[in-house]
Amino acid sequence: MPQLSLASWILVVVVALFTAIAAVWDYRQHRIPNNLTLPVFFAGWIYQAVFHGWSGIGDAALGFLVGFGVLFVLWIVGGGGGGDVKLMGALSVWLGYRLTLYVLMASTGAVIAGTTLIIVWSVFSKGVRGMKTEYLAQAKTANGPAQPETAEDKKRRRIMAYAIPVCVATWLVMAWKLPTLDQATQTPPAPEQTQSAEAA
(Lines give C-alpha, C1' and ligand atoms only; values in the text may rest on other atoms or scores of the structure.)
Protein backbone atom coordinates (compact mmCIF):
# COMPACT_ATOMS: atom_id res chain seq x y z
CA MET A 1 0.00 0.00 0.00
CA PRO A 2 1.61 3.30 -1.06
CA GLN A 3 2.24 6.00 1.53
CA LEU A 4 -0.09 8.87 0.61
CA SER A 5 -0.35 12.42 1.86
CA LEU A 6 -3.44 13.62 3.70
CA ALA A 7 -4.58 15.48 0.57
CA SER A 8 -4.41 12.33 -1.53
CA TRP A 9 -6.25 10.24 1.05
CA ILE A 10 -9.03 12.81 1.21
CA LEU A 11 -9.24 12.81 -2.60
CA VAL A 12 -9.43 9.01 -2.82
CA VAL A 13 -12.06 8.66 -0.08
CA VAL A 14 -14.28 11.51 -1.29
CA VAL A 15 -14.36 10.56 -4.99
CA ALA A 16 -14.83 6.87 -4.16
CA LEU A 17 -17.79 7.55 -1.85
CA PHE A 18 -19.27 10.22 -4.10
CA THR A 19 -19.27 8.08 -7.24
CA ALA A 20 -20.54 5.01 -5.39
CA ILE A 21 -23.47 6.91 -3.85
CA ALA A 22 -24.27 8.57 -7.19
CA ALA A 23 -24.22 5.20 -8.98
CA VAL A 24 -26.63 3.60 -6.49
CA TRP A 25 -28.91 6.63 -6.55
CA ASP A 26 -28.95 6.80 -10.34
CA TYR A 27 -29.64 3.08 -10.63
CA ARG A 28 -32.54 3.15 -8.18
CA GLN A 29 -34.10 6.57 -8.83
CA HIS A 30 -32.97 7.28 -12.43
CA ARG A 31 -31.66 10.65 -11.26
CA ILE A 32 -28.77 12.24 -9.39
CA PRO A 33 -30.00 14.89 -6.94
CA ASN A 34 -28.52 18.37 -6.52
CA ASN A 35 -28.33 17.66 -2.79
CA LEU A 36 -25.51 15.26 -3.62
CA THR A 37 -23.65 16.99 -6.45
CA LEU A 38 -23.68 20.63 -5.34
CA PRO A 39 -22.06 20.17 -1.88
CA VAL A 40 -19.35 17.98 -3.44
CA PHE A 41 -18.81 20.58 -6.16
CA PHE A 42 -18.26 23.45 -3.72
CA ALA A 43 -16.21 21.29 -1.35
CA GLY A 44 -13.89 20.47 -4.26
CA TRP A 45 -12.89 24.11 -4.69
CA ILE A 46 -12.21 24.41 -0.97
CA TYR A 47 -10.12 21.23 -1.08
CA GLN A 48 -8.05 22.51 -4.00
CA ALA A 49 -7.52 25.92 -2.39
CA VAL A 50 -6.48 24.49 0.99
CA PHE A 51 -4.17 21.72 -0.19
CA HIS A 52 -2.91 22.92 -3.58
CA GLY A 53 -3.38 26.69 -3.68
CA TRP A 54 -3.73 28.58 -6.93
CA SER A 55 -2.26 25.76 -9.00
CA GLY A 56 -4.93 23.41 -7.66
CA ILE A 57 -7.69 25.90 -8.42
CA GLY A 58 -6.38 26.26 -11.96
CA ASP A 59 -6.23 22.49 -12.37
CA ALA A 60 -9.78 22.19 -11.02
CA ALA A 61 -10.98 24.85 -13.46
CA LEU A 62 -9.43 23.00 -16.42
CA GLY A 63 -10.88 19.71 -15.17
CA PHE A 64 -14.31 21.31 -14.82
CA LEU A 65 -14.05 22.77 -18.33
CA VAL A 66 -13.40 19.30 -19.73
CA GLY A 67 -15.67 17.16 -17.52
CA PHE A 68 -18.65 19.49 -17.34
CA GLY A 69 -18.15 20.79 -20.88
CA VAL A 70 -18.18 17.41 -22.63
CA LEU A 71 -21.26 16.17 -20.75
CA PHE A 72 -23.01 19.53 -21.22
CA VAL A 73 -22.61 19.28 -25.01
CA LEU A 74 -23.97 15.71 -24.93
CA TRP A 75 -26.92 16.88 -22.82
CA ILE A 76 -27.67 19.72 -25.25
CA VAL A 77 -27.86 17.29 -28.18
CA GLY A 78 -29.98 14.83 -26.18
CA GLY A 79 -27.25 12.31 -25.37
CA GLY A 80 -27.36 12.49 -21.59
CA GLY A 81 -29.14 13.79 -18.53
CA GLY A 82 -28.70 16.94 -16.49
CA GLY A 83 -27.72 14.91 -13.44
CA ASP A 84 -24.89 13.31 -15.42
CA VAL A 85 -23.57 16.76 -16.32
CA LYS A 86 -23.58 17.87 -12.68
CA LEU A 87 -22.00 14.58 -11.59
CA MET A 88 -19.01 15.07 -13.89
CA GLY A 89 -18.86 18.76 -13.04
CA ALA A 90 -18.52 18.05 -9.33
CA LEU A 91 -16.16 15.12 -9.82
CA SER A 92 -13.84 16.99 -12.20
CA VAL A 93 -13.20 19.76 -9.66
CA TRP A 94 -11.71 17.17 -7.32
CA LEU A 95 -9.84 15.22 -10.00
CA GLY A 96 -8.34 18.07 -11.98
CA TYR A 97 -7.62 18.11 -15.71
CA ARG A 98 -5.51 14.99 -16.24
CA LEU A 99 -7.49 12.56 -14.06
CA THR A 100 -10.76 13.87 -15.49
CA LEU A 101 -9.55 13.02 -18.99
CA TYR A 102 -8.67 9.49 -17.86
CA VAL A 103 -12.08 9.04 -16.23
CA LEU A 104 -13.91 10.29 -19.32
CA MET A 105 -12.00 7.89 -21.56
CA ALA A 106 -12.43 4.94 -19.18
CA SER A 107 -16.13 5.65 -18.63
CA THR A 108 -16.69 5.80 -22.41
CA GLY A 109 -15.14 2.35 -22.72
CA ALA A 110 -17.25 1.10 -19.81
CA VAL A 111 -20.43 2.48 -21.42
CA ILE A 112 -19.66 0.75 -24.73
CA ALA A 113 -18.79 -2.56 -23.08
CA GLY A 114 -21.71 -2.47 -20.64
CA THR A 115 -24.26 -1.45 -23.27
CA THR A 116 -23.10 -4.19 -25.62
CA LEU A 117 -23.37 -6.84 -22.91
CA ILE A 118 -26.82 -5.68 -21.82
CA ILE A 119 -28.18 -5.63 -25.37
CA VAL A 120 -26.72 -9.05 -26.21
CA TRP A 121 -28.13 -10.51 -22.99
CA SER A 122 -31.51 -8.91 -23.67
CA VAL A 123 -31.62 -10.34 -27.21
CA PHE A 124 -30.78 -13.84 -25.94
CA SER A 125 -33.22 -13.72 -23.02
CA LYS A 126 -36.13 -11.78 -24.58
CA GLY A 127 -35.52 -11.91 -28.31
CA VAL A 128 -35.03 -9.00 -30.68
CA ARG A 129 -38.67 -7.89 -30.35
CA GLY A 130 -38.48 -7.92 -26.56
CA MET A 131 -35.23 -5.95 -26.59
CA LYS A 132 -36.75 -3.32 -28.89
CA THR A 133 -39.85 -3.09 -26.74
CA GLU A 134 -37.82 -2.56 -23.57
CA TYR A 135 -35.20 -0.14 -24.86
CA LEU A 136 -36.27 1.31 -28.21
CA ALA A 137 -40.06 1.31 -28.69
CA GLN A 138 -42.05 4.49 -28.12
CA ALA A 139 -45.15 4.59 -25.96
CA LYS A 140 -48.36 3.95 -27.90
CA THR A 141 -51.83 5.20 -27.30
CA ALA A 142 -54.99 3.08 -27.38
CA ASN A 143 -55.59 4.29 -30.96
CA GLY A 144 -52.30 2.89 -32.13
CA PRO A 145 -49.95 5.71 -33.27
CA ALA A 146 -46.79 6.26 -31.30
CA GLN A 147 -46.54 9.40 -29.19
CA PRO A 148 -43.36 11.37 -28.47
CA GLU A 149 -41.70 10.09 -25.34
CA THR A 150 -41.47 12.27 -22.27
CA ALA A 151 -38.28 12.77 -20.27
CA GLU A 152 -39.51 10.20 -17.76
CA ASP A 153 -40.10 7.65 -20.52
CA LYS A 154 -36.55 8.16 -21.77
CA LYS A 155 -35.17 7.70 -18.26
CA ARG A 156 -37.00 4.40 -17.85
CA ARG A 157 -35.69 3.20 -21.21
CA ARG A 158 -32.05 3.98 -20.50
CA ILE A 159 -29.91 0.93 -21.09
CA MET A 160 -27.49 1.93 -18.34
CA ALA A 161 -27.37 4.61 -15.64
CA TYR A 162 -24.36 6.75 -16.60
CA ALA A 163 -23.22 7.13 -12.99
CA ILE A 164 -22.36 3.41 -12.91
CA PRO A 165 -19.64 3.51 -15.62
CA VAL A 166 -18.38 6.79 -14.13
CA CYS A 167 -18.05 5.06 -10.76
CA VAL A 168 -16.25 2.07 -12.27
CA ALA A 169 -13.96 4.32 -14.32
CA THR A 170 -13.13 6.54 -11.35
CA TRP A 171 -12.25 3.60 -9.12
CA LEU A 172 -10.08 2.05 -11.85
CA VAL A 173 -8.25 5.32 -12.54
CA MET A 174 -7.67 5.98 -8.85
CA ALA A 175 -6.35 2.45 -8.33
CA TRP A 176 -4.08 2.82 -11.37
CA LYS A 177 -2.74 6.23 -10.28
CA LEU A 178 -2.58 5.48 -6.55
CA PRO A 179 1.19 4.81 -6.42
CA THR A 180 1.96 8.15 -8.10
CA LEU A 181 -0.92 10.24 -6.78
CA ASP A 182 1.32 12.45 -4.64
CA GLN A 183 3.87 13.27 -7.34
CA ALA A 184 1.91 16.11 -8.87
CA THR A 185 1.60 17.91 -5.53
CA GLN A 186 5.03 17.30 -4.04
CA THR A 187 7.00 20.45 -3.30
CA PRO A 188 10.63 20.20 -4.46
CA PRO A 189 13.19 20.77 -1.71
CA ALA A 190 14.86 24.16 -1.46
CA PRO A 191 18.32 24.44 -3.12
CA GLU A 192 20.12 24.88 0.21
CA GLN A 193 18.43 21.77 1.59
CA THR A 194 19.55 19.79 -1.45
CA GLN A 195 23.14 21.01 -1.11
CA SER A 196 23.30 20.20 2.61
CA ALA A 197 21.85 16.72 1.94
CA GLU A 198 24.48 16.07 -0.73
CA ALA A 199 27.27 17.28 1.56
CA ALA A 200 26.09 14.96 4.31
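Modeller: What follows is a close look at the opening helix and its surroundings.

This is a predicted model, in which local features need pLDDT of at least 70 and side-chain atom pairs count only at pLDDT 80 or more, while totals for chains, interfaces and linings use all residues. Residues are numbered from 1 along each chain as its sequence is written, and side-chain values use heavy atoms, leaving out hydrogens and water.

Let's start with helix H1, residues 6-29. Helices here are DSSP runs of H or I with at least four residues, numbered from the N terminus. H1 has 24 residues and spans 34 Å from its first C-alpha to its last, close to the 34 Å expected at 1.5 Å a residue; the expected span is 1.5 Å times one less than the number of residues.

Now for its partner. The axes of H1 and helix H2 (residues 34-76) come within 12 Å and cross at roughly 170°. That makes H1 roughly antiparallel to H2, a label for angles over 145 degrees. Axes are lines fitted to C-alpha atoms, for helices over the stretch in contact, and angles run from 0 to 180 degrees between N-to-C directions.

Who meets whom? On the H1 side, the residues include Leu11, Phe18 and Trp25, and on the H2 side they include Val40, Tyr47 and Phe51; contact means heavy atoms within 4.5 Å. By class, this contact has twelve nonpolar, three polar and no charged residues.

Between the two helices is a loop that holds histidine 30. Its phi is near 60°, a positive value in a residue other than glycine. Histidine 30 is partly exposed, with a relative accessible area of 32%; partly exposed lies between buried, under 20%, and exposed, over 50% (1.4 Å probe, protein chains only).

Back in H1, the buried residues include Leu11, Val12, Val15 and Phe18, along with Asp26. Leu11 is also among the residues with the most contacts inside the largest nonpolar core, which has 36 residues. Such a core is a set of buried Ala, Val, Leu, Ile, Met, Phe, Trp, Tyr and Cys residues joined through side-chain atoms within 4.5 Å. H1, H2, helix H3 (82-135) and H5 each give two or more residues to this core, and its largest share, eleven residues, comes from H3.

Met174 is one of the buried residues of H5.

Definitions and conventions: Angles under 35 degrees count as roughly parallel, over 145 as roughly antiparallel, 65 to 115 as roughly perpendicular and the rest as oblique. Ala, Val, Leu, Ile, Met, Phe, Trp, Tyr, Cys and Pro count as nonpolar, Asp, Glu, Lys and Arg as charged, and the others, Gly among them, as polar.
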